[in-house]
Structure formats: structure tokens, C-alpha cells
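Here is a short briefing on one protein. Look through the sequence and the 3D view before reading on.

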Amino acid sequence: MSDSLESQVAGATRPSQLITWLDSEGTPLDLTGATITGCLQDIYTGTSRAITGYLIVTNPMAGQFRWDYGADDVQSEGIYLVQFTATYPLGPTVARSRAANWTVEPSLCIS
């Protein structure tokens with residue numbers, strides 16, 4: 001995963017984001033059998049919260065998963081640090097990604 005993620009517009013839960021989890025050498029992390037969770041931290045307030053959307057492994061050998069945003073994930077515009085955790089059914093387990101920057105842009109539509 002790069003140091004930043006694609007931005008999203010506040011209130012928009014679509015489209016989902018496809019993410020490739022890379023280790024520090026740029027090699028995809030094998031996500032076979034892993035359950036992915038994540039958290040967001042507002043860079044200005046330091047407030048953290050869990051990702052409420054779905055994190056679905058789509059191509060485990062290529063380290064790819066999809067983030068289907070939950071409404072709470074995109075509720076407020078701002079700049080966040082995002083970190084993902086992969087938990088495996090057998091050891092070794094737990095893997096954590098490096099923190100990545102993510103921006104929720106303001107919506108120009110009122111509704």
C-alpha cells in the first residue's frame with residue numbers, strides 16, 4: 001500500500017476503493033485466509049475510530065482487498081491516517097499496515 005489512499009467525497013459511499021497491501025520492499029502481502037479490519041485517525045484532533053464499512057479480500061495472493069465505505073467512514077470531511085490489520089486463522093498473526101493518508105473532500109451538494 002502506498003503512503004496515501006484515493007480521496008473520497010463526504011457522504012459518498014461509492015465507488016469502493018481497491019487497495020493493494022505491499023510490504024516495505026514493495027512485495028504484496030499474502031492475505032489468504034485473512035480478515036481485514038481498520039481504523040481512522042483525524043490528523044488534527046487525534047480522534048480515532050474503527051472503519052465501519054466492509055473490507056473484503058478480493059485477490060489474496062496479490063495482497064488486494066476492497067474497502068466498501070460505511071456511512072460513518074465518510075461522514076466528515078478531513079484528513080485522516082488509516083491503518084489496516086490482517087488477522088489470520090493460523091500463526092503468525094497479526095499484520096498491520098503502515099499508516100496511510102486519506103482525505104475526505106467536502107461535498108458541494110447539500111442533502
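What follows goes from the whole chain to single residues.

This is a predicted model: local features need pLDDT of at least 70, side-chain atom pairs count only at pLDDT 80 or more, and totals for chains, interfaces and linings use all residues. Residues are numbered from 1 along each chain as its sequence is written, and side-chain values use heavy atoms, with hydrogens and water left out.

**Overall fold**

- The protein has 0 helices and 9 strands. Helices (H or I, at least four residues) and strands (E, at least two) are DSSP runs, numbered from the N terminus.
- Along the sequence the pattern reads β-β-β-β-β-β-β-β-β. The radius of gyration is 14 Å, close to the 13 Å that the globule rule gives for 111 residues, so the protein is as compact as a globular protein of that length. The radius is taken over C-alpha atoms, and the globule rule is 2.2 Å times the number of residues to the power 0.38.
- The C-alpha trace spans about 45 × 25 × 25 Å along its principal axes.

**Contacts, surface and charge**

- Take contacts between residues at least 6 apart in sequence: 64% of them join residues at least 24 apart. Contact means heavy atoms within 4.5 Å.
- Of the 111 residues, 32% count as buried. Buried means under 20% relative accessible area, exposed means over 50%, and partly exposed is in between (1.4 Å probe, protein chains only).
- The accessible surface comes to about 6500 Å². Carbon and sulfur atoms hold 54% of this surface. The areas come from the Shrake-Rupley method with a 1.4 Å probe; for residues, only the protein chains shown count as cover.
- The protein has 5 positive and 11 negative charges, and their mean positions are 5 Å apart. Lys and Arg count as positive, Asp and Glu as negative; His and the chain ends are not counted. The place of a charge is NZ of Lys, CZ of Arg, CG of Asp or CD of Glu.

**Tryptophan 67**

- Tryptophan 67 sits in strand S6 (residues 64–68). Its relative accessibility is 0%, so tryptophan 67 counts as buried.
- Beyond its neighbours within four places in sequence, tryptophan 67 touches residues including Leu5, Ile19, Leu40, Phe84 and Trp102.
- Asp73 is also one of its contacts. The side chains of tryptophan 67 and aspartate 73 are joined by a polar contact of 3.1 Å. A polar contact is a pair of N or O atoms within 3.5 Å; within protein, one must be able to donate a hydrogen and the other to accept it, and residues adjacent in sequence count only if both atoms are side-chain atoms.
- Isoleucine 110 is 43 residues from tryptophan 67 in sequence and 25 Å away in space, C-alpha to C-alpha.

**Asparagine 101**

- Strand S9 (residues 100–105) holds asparagine 101. This residue is partly exposed, at 38% relative accessible area.
- Valine 82 is 19 residues from asparagine 101 in sequence, yet 6.3 Å away in space, C-alpha to C-alpha.
- Leaving aside neighbours within four places, asparagine 101 is in contact with Asp3, Ser4, Leu5, Tyr80 and Leu81.

**Loops and cis bonds**

- Serine 97 lies in the loop between strand S8 (95–96) and S9. Serine 97 counts as buried, at 3% relative accessibility.
- Past its neighbours within four places, serine 97 contacts Met1, Trp21, Gln83 and Phe84.
- Proline 92 is in the loop between strand S7 (78–87) and S8. Glycine 91 and proline 92 are joined by a cis peptide bond, with omega about -5°.
- Valine 94 is also in the loop between S7 and S8. The peptide bond from threonine 93 to valine 94 is cis, with omega near 25°.
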